[in-house]
Amino acid sequence: MLSSQQLPCTQLGVCTNGRFQRRVPFLVRAEQISAPSTSHQDKAGRRQVLAAGVTIAPWLLLSYQKSPAFAAENAKGYIPVTDKTDGYSFIYPFGWQEVAIEGQDKVYKDVIEPLENVSVTVFPTSKESIRELGAPQEVAEALIKRVLAPPSQKTKLLNAAEHEVDGKSYYTFEFVAKAPNFTRHALSTIAIGNGKFYTLTTGANERRWGKMKDKLNAVVDSFKIFTVYKT
């Protein structure tokens, strides 16, 4: 059974006198990002403009998912991000804007739909592999309930799986978090390397999941960590 002490205190919370205490969540939530006030017609017009830049050829996406060595910058409609200091890379849809959120290493969001975003957090850990924390489903459920959604939201883990790239293990999982006025459908992937615990989370409003799921899966699948050599 996975306990709070088995998970990095700097990732899930702080440990005081051997007890787990929840820290300020670092997931980008709806209340942290407000959507711009626009009319329906204005939103539709702006979305048509953005839509031209957020498509990706099916054969290109398939090639990307099958080949870890595929260059992220070749994915049409996406913008690559590489953090050489912390040792990770991923892509996000063209048109999203970078925003600063306390506790997050990187955050990009849609200018119209605030629930459509991607965030990356990086925290130190003494673990050497994500497998040391437990099985994918066990770890995913702990993160969702204690970190990735506020206590007031009802959450449900839909699936969790492990995959390996270049000898590094990743846990990827899908979940929903239901608030009184919206439901967020999200994807997360986690990994450990360079003495750090990495979490990438992306998602969208449930009402737009059917339209966004392929793009968001591309974002999650693109996340890779690499070794940072100290100079």
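Some housekeeping, then. Because it's a prediction, local features need pLDDT of at least 70 and side-chain atom pairs count only at pLDDT 80 or more, while totals for chains, interfaces and linings use all residues. Numbering starts from 1 along each chain as its sequence is written, and side-chain values use heavy atoms, with hydrogens and water left out.

Okay, the inside. By nonpolar core I mean a set of buried Ala, Val, Leu, Ile, Met, Phe, Trp, Tyr and Cys residues joined through side-chain atoms within 4.5 Å. Buried is under 20% relative accessible area, exposed is over 50%, and partly exposed is in between, with a 1.4 Å probe and protein chains only. The largest such core here has 27 residues, and Tyr88, Phe90, Val118, Leu200 and Phe223 have the most contacts inside it.

So who supplies it? At least two residues each come from strands S3 (78-83), S4 (88-93), S7 (117-124), S10 (183-193) and S11 (196-205), and from helix H5 (209-222). Helices (H or I, at least four residues) and strands (E, at least two) are DSSP runs, numbered from the N terminus. H5 gives the most to this core, six residues. Apart from it there's another core, of 16 residues, including Leu143 and Ile192.

Have a look at Phe90. Contact means heavy atoms within 4.5 Å. Leaving out neighbours within four places in sequence, the contacts of Phe90 include Ile79, Tyr108, Val118, Leu200 and Phe223.

Three strands form an open sheet in the order S3-S4-S12, paired antiparallel. S3 and S12 (224-225) are at the edges with a single partner strand each, so one side of each has no neighbour in the sheet. Pairing needs at least two bridges found by DSSP, and S4 and S12 have two, in the antiparallel sense. One to find on screen: Ser89 has Lys224 in S12 as its bridge partner. H5 lies across S3, S4 and S12, at about 170° to S4. That angle is between N-to-C directions, on a scale from 0 to 180 degrees, with axes fitted to C-alpha atoms, for helices over the stretch in contact.

Asp166 is at 69% relative accessibility, so it counts as exposed.
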